[in-house]
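Here are my notes on the model you sent over, jotted down as numbered points.

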Amino acid sequence: MPTIGVSGTPKIKIYNVDFGWGKPKKHETPSIDYNGSISVNTCKDSPADIEIGISLPAKQLDAFIFISRDELDSTLYCMDLVS
């Protein structure tokens, strides 16, 4: 049975953290460095949005993009209509 791992910290405002050398420009979840994983984190540009990272082999990622592109476009279009 196929499995998929999901990790992340969407509620922690990681882009607001400053350890003295400035705020992060990009945050990635290192635990998804193997295939079949998804990360969910806060978005840098909007605290109300999330970033989703997907780790798949190139062929599977191409298929995922092909299959989900219409759905994503449709969802984004509907969200534009609401806002």
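1. Let's begin with Asn41. Leaving aside residues up to four places away in sequence, Asn41 touches Gly8, Thr9, Pro10, His27, Thr29, Ile50 and Glu51; a contact here means heavy atoms within 4.5 Å. Asn41 sits in strand S2. Is Asn41 buried or exposed? Asn41 counts as buried because its relative accessibility is 3%, where buried means under 20% relative accessible area, exposed over 50%, and partly exposed in between (1.4 Å probe, protein chains only).

2. Before going further, a word on where this comes from. This is a predicted model, in which local features need pLDDT of at least 70 and side-chain atom pairs count only at pLDDT 80 or more, while totals for chains, interfaces and linings use all residues. Residues are numbered from 1 along each chain as its sequence is written, and side-chain values use heavy atoms, with hydrogens and water left out.

3. Now the overall layout. Helices (H or I, at least four residues) and strands (E, at least two) are DSSP runs, numbered from the N terminus. Of the 83 residues, 18% count as buried. Among contacts between residues at least 6 apart in sequence, 40% join residues at least 24 apart.

4. On to the sheet. The three strands make an open sheet, ordered S1-S2-S3, with mixed pairing; two strands pair if DSSP finds at least two bridges between them. S1 and S3 are at the edges with a single partner strand each, so one side of each has no neighbour in the sheet. From one strand to the next, the twist averages 15° (axes are lines fitted to C-alpha atoms, for helices over the stretch in contact, and angles run from 0 to 180 degrees between N-to-C directions).

5. How do the strands pair up? S1 (residues 5–9) and S2 (residues 37–42) run parallel, joined by five bridges. Gly5 has Ser37 as its bridge partner in S2, and Thr9 has Asn41. S2 and S3 (residues 50–55) run antiparallel, with six bridges between them; here Thr42 stands opposite Ile50.

6. Have a look at Lys44 too, in the loop between S2 and S3. Lys44 counts as partly exposed because its relative accessibility is 41%. Residues up to four places away in sequence aside, Lys44 touches Tyr15, Pro24, Lys25 and Glu51. The C-alpha atoms of Lys44 and Asn16 are separated by 8.7 Å, though the two residues are 28 apart along the chain.

7. Last, the surface. The chain exposes about 6900 Å², and carbon and sulfur atoms supply 62% of that (accessible areas come from the Shrake-Rupley method with a 1.4 Å probe; for residues, only the protein chains shown count as cover). Which residues form a nonpolar patch on the surface? They are Ile50, Ile52, Ile54, Phe64 and Ile65, with about 420 Å² of accessible area together. S3 and helix H1 (58–82) are the elements that give two or more residues to the patch, and S3 supplies the largest share, three residues.

8. A salt bridge is a side-chain nitrogen of Lys or Arg within 4 Å of a carboxyl oxygen of Asp or Glu. Ile52, in S3, counts as exposed because its relative accessibility is 55%.

Definitions and conventions:
Patch = residues over 30% accessible without salt bridge, like charges linked within 9 Å, V, L, I, M, F, W, Y side chains within 5 Å.
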